[in-house]
Amino acid sequence: MPRSGSLLPPCSSSVNSRTILCFEERCLRFPCGELIQALRVDSSDLMLLEYKDGRVLRFLRRGEFMMKLVKHSFSPILVAACTVGCVHWPLARDAPVFRVGGRSFLVAVPGLLYALRFPPTCPEQRMVFLEVLFMRFSDYSDLSHIQTDIGASDCDPSFWIRARNKIRTALDSKLLQSGYFVGISPTAVGGQRSELLRVCRTSGTAQVVMKAVLAGILQSVHTDIHEMKPDTENPSRPADIPEAYPKISVFTNLMEALELAWAVSSGSSHLLREAAGGKPAMLKPSDFNTWSLNKSGIVCLVELLMHTGETPDRNISNQPVSEPEEGTEIDKEGGEDEEMNTEMIFPVIHRGD
């Protein structure tokens with residue numbers, strides 16, 4: 001049963017809603033926070049729609065899906081992330097999630113576009129609860145009519161390509177309005193332009209941020225809280241929402257710092273002259289507080305990433321990939337993982353070099 005002060009959405013008057021919201025909420029307590037398992041689904045497929053080649057749908061993982069929430073004990077900040085197998089990605093209120101079918105979702109992190117698919121055997125109640133969670137912790141849009149419009153199964157690779165084309169305008173608009181880039185990161189130069197590499201870094205960064213909160217490494221001096229501003233156009237907005245949701249820049253700033261570090265340490269910094277500067281990511285006044293890393297927070301976590309590299313998926317390329325069942329092949333290019341050097345994922349820069 002959900003605890004008092006739960007991060008999960010409140011129960012509605014609907015009997016079905018009450019049943020759904022009681023599915024899961026297992027909580028582990030740590031010195032400086034709580035780790036909550038909000039939802040678990042036994043099977044799911046995670047894929048990557050590449051920006052570099054719009055015809056490629058790369059299979060990443062098949063396995064258990066989980067949504068995890070981290071709440072800091074001494075501040076209002078929280079972190080939400082999803083996992084399929086060993087691959088993690090963060091959620092943020094300025095990171096778009098589109099429902100494009102009954103059990104099909106497109107999930108954006110600047111520089112990446114994931115395709116998430118659940119099997120027909122997945123209970124509908126869990127999909128309803130997942131939608132409720134996405135509404136709470138991401139920039140969610142229900143475009144499930146797209147599957148009917150396309151008239152194809154989500155087991156067909158062409159479905160995902162066509163679904164991306166249908167949401168591309170809305171996706172690009174959301175990212176640009178929030179101050180983010182569209183496509184491959186402008187600081188990913190040379191050997192850093194691999195989208196699989198960014199998947200690895202996104203996964204590692206999400207885990208490090210969560211662990212840093214729980215262990216007390218990430219402290220109030222490292223973060224800035226942005227309180228919601230008065231919104232005269234929405235007087236019915238809730239008056240007191242204490243939680244502060246992360247901006248997706250919490251994670252992308254760390255990844256871009258790693259990309260810059262690699263460019264400098266490898267002697268490739270001259271390639272950055274073509275990189276676009278972009279504008280600072282900002283959220284419009286809304287009904288939620290946000291938090292971001294300040295300069296000291298970025299330095300703290302980048303040093304943690306670069307000098308330890310201790311993330312469970314740092315050798316992700318060496319782990320077996322669960323292949324789709326016969327008849328559900330989803331990667332036009334074969335789905336083979338690229339060879340990955342650990343120091344390319346989390347570049348090591350020795351002090352005094």
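Trainee: How many aromatic pairs does a search of the whole structure find?

Mentor: Rings of Phe, Tyr and Trp (its six-membered ring) pair if their centres lie within 6.5 Å, and planes under 30 degrees apart count as stacked, over 60 as edge-to-face and the rest as tilted; by that rule, a search of the whole structure finds 9 aromatic pairs. One of them joins phenylalanine 65 and tryptophan 89 in a tilted arrangement, 6.4 Å centre to centre with 50° between the planes. This is a predicted model, in which local features need pLDDT of at least 70 and side-chain atom pairs count only at pLDDT 80 or more, while totals for chains, interfaces and linings use all residues. Residues are numbered from 1 along each chain as its sequence is written, and side-chain values use heavy atoms, with hydrogens and water left out.

Trainee: Are phenylalanine 65 and tryptophan 89 buried or exposed?

Mentor: Buried means under 20% relative accessible area, exposed over 50%, and partly exposed in between (1.4 Å probe, protein chains only); phenylalanine 65 and tryptophan 89 are both buried. Phenylalanine 65 also pairs with phenylalanine 118, here edge-to-face, at 5.2 Å centre to centre and 85° between the planes.

Trainee: Which residues do ring pairs link into a cluster?

Mentor: The cluster consists of Phe65, Trp89, Phe105, Tyr114, Phe118, Phe134 and Tyr140.

Trainee: Where does the charged end of arginine 93 sit?

Mentor: A charge sits over a ring if NZ of Lys or CZ of Arg is within 6 Å of the ring centre and within 35 degrees of the ring normal. The charged end of arginine 93 is placed over the ring of tyrosine 245, 4.9 Å from its centre, and arginine 93 also lies over the face of phenylalanine 288, at 4.1 Å from the ring centre.
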